[in-house]
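Please brief me on this two-chain model.

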Amino acid sequence: MNASFRRRMLPYVLISPLVVFIGALSFVPTADTTIEAFFRVMPLDPPTRFIGLGNFRELFTDPVIRESWVNTAVYVAIGVVLSVVFGTAIAVALQRRSRFRGVILAIIVLPWALPAVVEAVIWSWIYNPTFGVMNSALHSVHAIGGYHVWLGLDRWLTILLIEIVQVWQITPLSVLIILAALQSIQPTLYEAARVDGAGPVAMFRRISLPLIRPAIAIATVEALVLSLNIFDQVYILNGIAPLGSSIMLQTYVTTFTDLNFGGGYALSLLVTLATAALSMAALALLYRRVEAA
Amino acid sequence: MADAGTHERTARAVTRVTEGPAGRALSGRPARALGRIVALAVILLWSLFPIYWALNTSLSTLSGSDSTPVHYFPSPLTATSYRQALGIGGAGAGISSQLWRSLLNSAIESGAAMVLTVVIAIFAAYAFARLRFRFKRTIFVSVLATLMLPAYATLIPLYRIMASLGLVNTYIAVILVYVSGFLPLAIWILYNYFNTIPPELEEAAAVDGAGPVRALLRVVIPVAAPGIAAAAIITFLLAWAQFLFPLILTTDISTQPVTVIVAALNQQRIVPFTLLMACGVIAAAIPGILALVLNRYIVQGITAGSIK
């Protein structure tokens with residue numbers, strides 16, 4: 001082999017492990033999901049055969065799965081709104097330089113770095129009906145008359161409290177993304193505004209907000225994908241109970257408890273398509289506003 | 001795809017976030033300064049309280065933790081739960097042997113996934129950032145597109161692939177799945193980092209007779225060390241936190257990571273919360289300490305990795 005041939009082949013050699021990995025373990029499986037969603041796949045009850053939209057029909061007639069779509073929409077709405085609003089607020093609070101910002105940032109990132117399972121176990125203890133700190137603290141400030149069972153009774157309260165656990169974990173992502181955008185704003189813009197007599201609220205609305213919109217779009221999409229796929233927190237805090245169940249939990253139950261792989265494939269495909277569509281929509285919407293601004 | 005100018009801005013923004021100068025945005029009168037201190041206190045309380053609460057309970061006695069109203073400090077303070085969880089002094093043999101083994105499994109699976117992901121990502125990201133080849137853009141965009149895919153799009157087929165290869169309940173299955181899942185993000189982080197390095201550095205090496213491979217190994221990798229560290233630590237943390245994939249890919253303690261064991265202990269309902277919190281703190285200790293010590297790289301990696 002001569003040197004120029006080796007040099008020409010070099011890029012292919014460098015990317016070949018990547019192509020093998022992503023090809024075999026991302027593209028092939030995604031294609032497999034797409035195809036098998038239209039087949040009846042029951043490992044304990046063969047044969048596998050083509051059933052067209054049969055799996056999807058079955059999914060839409062199952063009341064638990066139908067409800068879990070609604071639940072997931074609520075998880076996403078709460079997760080996106082809270083993590084982006086908190087993320088923006090915290091980023092703005094940290095915008096001003098301070099000796100402690102490095103330390104504060106390290107602490108803020110901590111919830112993101114810890115396993116969601118461990119966090120959910122901790123929060124389940126916080127929410128504990130008998131010995132939980134939430135009951136005790138709210139009771140001691142007279143916010144509640146008696147101790148409550150927080151999870152598993154009221155559908156929307158259960159979803160809200162589970163999603164707060166996820167918001168606690170993913171808000172640091174929004175903080176970092178939005179803070180980076182805030183830091184790239186020229187300080188002279190704020191100085192000019194201050195000379196014109198603008199207050200902090202006006203400066204945030206007129207200067208910061210338009211310039212951090214792309215970052216908010218990215219934070220929105222990250223929160224959207226994560227909350228649309230919420231599993232760990234629901235599994236730990238709510239088990240496989242139908243009340244408050246998420247669509248990812250139903251995919252798991254359908255596939256690995258009911259052993260209806262075809263149904264699982266169909267649900268996976270729907271979640272994937274929903275994720276892609278919503279991400280694109282959020283990016284298009286928020287990015288277009290930037291151009292208009 | 002972001003152009004070179006965006007990358008430069010990103011890199012500058014990242015530097016500012018991590019090193020902290022120059023953000024004199026809002027003016028500081030005393031009332032506002034007080035407001036800022038209150039805001040920071042709320043932020044820190046929100047971030048730290050659940051972690052503090054786990055520590056508090058794990059250091060309490062059973063009767064101290066099961067009290068109404070709750071104690072906000074451990075009274076009396078005891079390390080009994082940690083002794084039980086870690087099997088120090090022969091206490092709690094069943095749980096401690098499971099916990100130790102699962103920590104080892106987590107370390108092997110996350111460590112191997114990190115090394116493989118970073119090595120493969122360095123070569124690929126270098127090729128994407130510096131070399132010319134056919135279908136480069138198509139391959140690059142398709143790899144990054146999988147970032148938008150929920151990991152679970154591949155859950156069932158990956159399980160069936162591993163089952164058909166007889167790899168269920170092996171380290172290999174878990175590691176392969178992690179690598180395929182984390183490669184796109186690692187490549188994106190490294191690609192952006194390589195683009196902030198002036199090509200003149202390698203050109204100088206080329207003048208000295210070094211080929212692209214030597215330039216990569218001798219010039220680019222040392223200069224890109226912070227970016228590589230960011231990709232490595234983020235991959236490790238994501239791998240350590242995995243739950244759903246190991247839940248289906250591992251079936252017993254020979255391969256189950258610590259997340260699966262903590263979830264199982266939680267499900268048993270007979271493990272007291274003091275011991276459960278101690279196990280949780282132990283499971284979160286390694287990522288927690290890494291996150292605090294290597295925070296700079298995490299901030300840099302997340303920031304660079306999210307600017308699309």
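**Where two helices cross**

Helix α1(A) and helix α8 (residues 171-195) of chain B pack at an angle of about 105°, and their axes lie 9 Å apart. That makes α1(A) roughly perpendicular to α8(B), a label for angles of 65 to 115 degrees. Axes are lines fitted to C-alpha atoms, for helices over the stretch in contact, and angles run from 0 to 180 degrees between N-to-C directions. This is a predicted model: local features need pLDDT of at least 70, side-chain atom pairs count only at pLDDT 80 or more, and totals for chains, interfaces and linings use all residues. Residues are numbered from 1 along each chain as its sequence is written, while chains are lettered from A and ligands numbered from 1 in the order in which they are written.

**The crossing and the wider interface**

- From α1(A), the crossing uses Leu18(A), Phe21(A), Ile22(A), Leu25(A) and Ser26(A). From α8(B), it uses Leu176(B), Val177(B), Val179(B), Ser180(B) and Leu183(B).
- Two residues are in contact if their C-beta atoms, placed from the backbone, lie within 7 Å.
- By class, this crossing has eight nonpolar, two polar and no charged residues. Nonpolar means Ala, Val, Leu, Ile, Met, Phe, Trp, Tyr, Cys and Pro; charged means Asp, Glu, Lys and Arg; the others, Gly among them, are polar.
- The whole contact between the chains takes 81 residues from chain A and 86 residues from chain B.
- Helix α1 (residues 3-36) gives the largest share of chain A's side, 16 residues.
- Chain A's side divides into 56 nonpolar, 17 polar and eight charged residues.

**Helix α1 of chain A**

- Helices (H or I, at least four residues) and strands (E, at least two) are DSSP runs, numbered from the N terminus.
- α1(A) has 34 residues and reaches 46 Å from its first C-alpha to its last. That is close to the 50 Å expected at 1.5 Å a residue, counting one less than its number of residues.
- α1(A) bends by about 45° at Ile15(A), and Pro17(A), a proline, follows within four residues. The bend is the angle between axes fitted to the seven residues ending there and the seven starting there.
- Among the buried residues of α1(A) are Leu18(A), Phe21(A), Ile22(A), Leu25(A) and Ser26(A). A residue is buried if 20 or more other C-beta atoms lie within 10 Å of its own, exposed if 12 or fewer, and partly exposed in between.

**Elsewhere in chain A**

- Which residues of helix α6 (residues 133-140) are buried? They are Val133(A), Met134(A) and Asn135(A).
- Their cover includes α5 (116-126) of chain A together with α2 (30-58) of chain B.
- Leu161(A) sits in helix α7 (residues 155-183). Leu161(A) counts as buried because it has 21 C-beta neighbours inside 10 Å.
- Beyond its neighbours within four places in sequence, Leu161(A) is in contact with Tyr127(A), Trp150(A) and Leu151(A).

**Positive phi angles**

- Most residues other than glycine have a negative phi.
- Leu259(A) has a phi near 55°. Its place is the loop between α11 (247-257) and α12 (261-292) of chain A.
- Phe135(B) has a phi near 65°. Phe135(B) is exposed, with 11 other C-beta atoms within 10 Å.

**Chain B overall**

- Chain B has 15 helices and zero strands.
- Buried residues make up 49% of its 308 residues.

How values were computed
Angles under 35 degrees count as roughly parallel, over 145 as roughly antiparallel, 65 to 115 as roughly perpendicular and the rest as oblique.
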